[in-house]
Amino acid sequence: MAGQKVTGHRLLLRHRDIPDIGQFDVYTGQGGFETFKKVVTSMPPDEIKQIVLDSGLRGRGGAGFPAGRKWMFVDNNNWPHYLVVNADESEPGTFKDREIMEKNPWQFFEGIMCTAFAIGANDIYIYLRGEFWQVAHQLDQQIQKLHEEKLLGENLFGTDYSLNIYTHLGAGAYICGEETALLNSMEGIMGQPRLRPPFPPAVGLYNKPTVVNNVETLANVALILEKGAQWYRSFGTEESAGTKVFSLSGKVNKPGNYELPFGATYRELIYEYGGGIVNGNKIKGIMSAGASSSVIVATDEALDTPMAYETVRNLGADLGSASIIVLDETVDMRWLVNKTIHFFKHESCGKCTPCREGNFWMQSLTERIWKGGASQNDVHLLQDVATNMQGKCLCALGEFSTMAVISSIERFSEDFKV
Amino acid sequence: MNAFQQKYATEIEAILSKYPADRKRSAVMPLLYIAQREGGYVTKKEMSEIAEILDITPTEVASIIGFYTLYHEKPGGKYRIQVCNDLPCALRGADEFLEKLCENVGIQVGETTEDGLVTIEGVMCLAACDKAPMFQVQTGEGIAYHEDQTLESTMALIESWKQQEKED
């Protein structure tokens with residue numbers, strides 16, 4: 001591990017260090033939008049993409065795909081190109097993008113604007129979940145301000161580059177966080193996933209090459225271009241560069257967002273920053289990636305595991321969007337899986353039969369297992385249904401819905417003795 | 001030009017200008033929000049009008065309303081209190097909060113008060129897990145978050161709506 005370099009250094013939640021950074025003048029006073037100007041007036045797009053690739057920036061939406069690599073896939077024989085920002089933030093336990101957009105909006109804007117230039121896009125759509133109504137309203141006003149400041153519009157800085165940003169509100173559907181479902185939703189049809197390939201950088205919004213990236217991912221970009229790939233790599237680990245905003249929720253004393261370098265441990269996050277477990281209770285389990293996560297047994301070894309893409313995997317789970325839901329000894333795992341399945345059954349878009357039907361049947365089983373009247377056979381049947389759903393759906397939702405179920409029954413078998 | 005289009009002409013034009021001219025179907029979601037502004041739900045007539053503006057069928061518009069949770073085909077309370085009782089909020093007492101709130105208001109989850117003022121619903125994660133119990137209030141005008149709530153603060157909020165009704 002490259003390591004444990006700087007702890008507690010904030011690159012994204014900078015409003016906690018510079019309280020008024022949400023004001024345009026304060027942000028520009030910190031050198032804000034200088035990078036965007038430099039990018040548009042003097043940096044070739046290929047160089048920008050290479051810097052971002054070299055920085056090791058990975059997609060923060062959950063999949064962890066290298067951002068620079070994704071941008072390089074954009075088809076330069078098909079125009080126009082689009083940048084679509086995924087601000088659908090709907091994974092239970094995830095609330096980081098909202099804080100970034102609300103509190104440090106100009107850095108977010110500068111990041112998406114630099115990205116648009118790099119991929120040759122003249123239009124950016126920010127797709128926000130419908131519930132972020134107030135955030136969208138705020139962003140709309142700020143987009144207006146950017147036009148007034150001549151940072152958006154035609155012929156920026158006297159070049160032939162033009163850029164516009166539009167917000168687009170969803171209306172309550174978890175599946176629209178999946179990038180191809182999001183694109184369908186934007187096109188005015190039901191938000192159901194598309195068959196991939198082709199991937200969006202080849203065929204995306206309106207059948208044009210499109211980059212879809214998460215808010216947090218793109219909020220890093222201007223800083224990387226200002227300070228360089230090597231600087232960015234001084235945070236985090238070899239395979240997981242930079243910092244991450246960890247959303248901490250559940251049975252901890254101080255839930256909230258904590259930005260730490262990749263490689264910080266669960267113990268640091270939960271006990272140092274999160275103030276430990278409520279009522280001094282014993283910790284029981286950790287969901288590392290929201291409701292989509294396998295449940296990790298909170299052993300000492302697990303607590304001392306560095307939070308990075310490459311290390312969380314060793315615990316039979318994924319880093320994902322790094323929404324950490326903490327479970328204490330009072331949580332019955334039968335209750336937990338009933339909750340997660342209730343969510344996935346509600347959110348399954350209905351396109352793939354294994355997901356639609358599987359979640360329906362899993363819900364009737366988890367209800368019975370939690371509320372009484374189940375036999376041990378029902379637990380086996382639940383395991384069987386979940387296992388049979390895996391690998392059979394177009395998008396990850398179907399797969400994710402089975403994670404908590406299968407891991408809980410395996411790792412917390414005591415709770416499932418009928 | 002139909003009645004809906006006439007009524008909101010400037011706004012509709014601004015929305016359509018966000019999307020390529022041959023992709024105006026993208027405007028279906030924002031137009032549905034406009035349709036909900038007055039009554040809090042979309043009428044059959046508005047579905048047809050929106051369909052006409054966007055060159056799609058009323059059935060296609062209906063499919064969008066049915067797919068998403070924030071569009072409504074039937075009237076509900078003027079204020080829809082949508083309490084998140086998904087996993088992270090439930091770990092911080094959201095189920096109990098929702099139950100007590102319903103008890104105090106005198107309705108069940110999903111129901112509307114007799115005066116038509118309040119509907120209470122249980123909803124999925126609203127991305128405010130560190131500030132549970134929390135809910136959003138959906139009205140025709142939009143959506144507002146209310147975080148770190150107690151039964152008392154929520155009842156006071158409902159009371160303020162009642163007062164406002166009297167004044168109006």
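**A glutamate and its surroundings**

Modeller: A:Glu102 lies in helix α5 of chain A; helices are DSSP runs of H or I with at least four residues, strands are runs of E with at least two, and both are numbered from the N terminus. The model is predicted, and for that reason local features are reported only at pLDDT of at least 70 and side-chain atom pairs only at pLDDT 80 or more, whereas totals for chains, interfaces and linings use all residues. Residues are numbered from 1 along each chain as its sequence is written, chains are lettered from A and ligands numbered from 1 in the order in which they are written, and side-chain values use heavy atoms, with hydrogens and water left out.

With a relative accessible area of 28%, A:Glu102 is partly exposed. This class falls between buried, under 20% relative accessible area, and exposed, over 50%, as computed with a 1.4 Å probe on protein chains only. If residues up to four places away in sequence are not counted, A:Glu102 touches A:Val135 and A:Gln138, where contact means heavy atoms within 4.5 Å. As a reference for distance, A:Ala241 is 139 residues from A:Glu102 in sequence and 25 Å from it in space, C-alpha to C-alpha.

These contacts belong to a helix pair. Two packed helices are described by the angle between their axes and the distance between the axes. Here the axes of α5 (residues 96-103) and α7 (residues 133-148) of chain A come within 10 Å and cross at roughly 35°; axes are lines fitted to C-alpha atoms, for helices over the stretch in contact, and angles run from 0 to 180 degrees between N-to-C directions. The crossing of α5(A) and α7(A) is left-handed, that is, the near helix is turned anticlockwise from the far one by less than a right angle, clockwise being right-handed. From α5(A), A:Arg98, A:Met101 and A:Glu102 meet A:Val135, A:Gln138 and A:Leu139 of α7(A). By class, the residues of this contact are three nonpolar, one polar and two charged; Ala, Val, Leu, Ile, Met, Phe, Trp, Tyr, Cys and Pro count as nonpolar, Asp, Glu, Lys and Arg as charged, and the others, Gly among them, as polar.

In soluble globular proteins, nonpolar side chains tend to be buried together. The largest nonpolar core has 132 residues, of which A:Phe109, A:Ile112, A:Met113 and A:Ile126 touch the most other members. Helix α6 (residues 105-119) of chain A gives the most to this core, with 10 residues. Apart from it lies another core of 28 residues, including A:Met333 and A:Ile406. Such a core is a set of buried Ala, Val, Leu, Ile, Met, Phe, Trp, Tyr and Cys residues joined through side-chain atoms within 4.5 Å.

Helix α8 (residues 179-186) of chain A is mostly covered, with eight of its eight residues buried. Those residues pack against α4, β1, β2, β3 and β4 of chain A and also against α3 (28-39) of chain B. After α8(A) comes A:Gly188, with a positive phi near 90°.

Aromatic rings complete the picture. Over all chains there are 28 aromatic pairs. The ring centres of A:Trp231 and A:Tyr232 are 6.2 Å apart and the planes stand at 50°, so this pair is tilted. The ring centres of B:Tyr79 and B:Trp161 are 4.0 Å apart with planes at 0°, so that pair is stacked. It links distant parts of the chain, with B:Tyr79 in strand β1 and B:Trp161 in helix α8 of chain B, 82 residues apart. Both B:Tyr79 and B:Trp161 are buried. Rings of Phe, Tyr and Trp (its six-membered ring) pair if their centres lie within 6.5 Å; planes under 30 degrees apart are stacked, over 60 edge-to-face, and the rest tilted. In chain A, ring pairs link A:Phe24, A:Tyr27, A:Phe33, A:Trp106, A:Phe108 and A:Phe109 into a cluster.

B:Glu49, in helix α4 (residues 44-54) of chain B, is buried, with a relative accessible area of 9%. Its contacts, not counting residues up to four places away in sequence, are B:Asn2, B:Ala3 and B:Phe4. Chain B comprises eight helices and four strands, and 52% of its 168 residues are buried.
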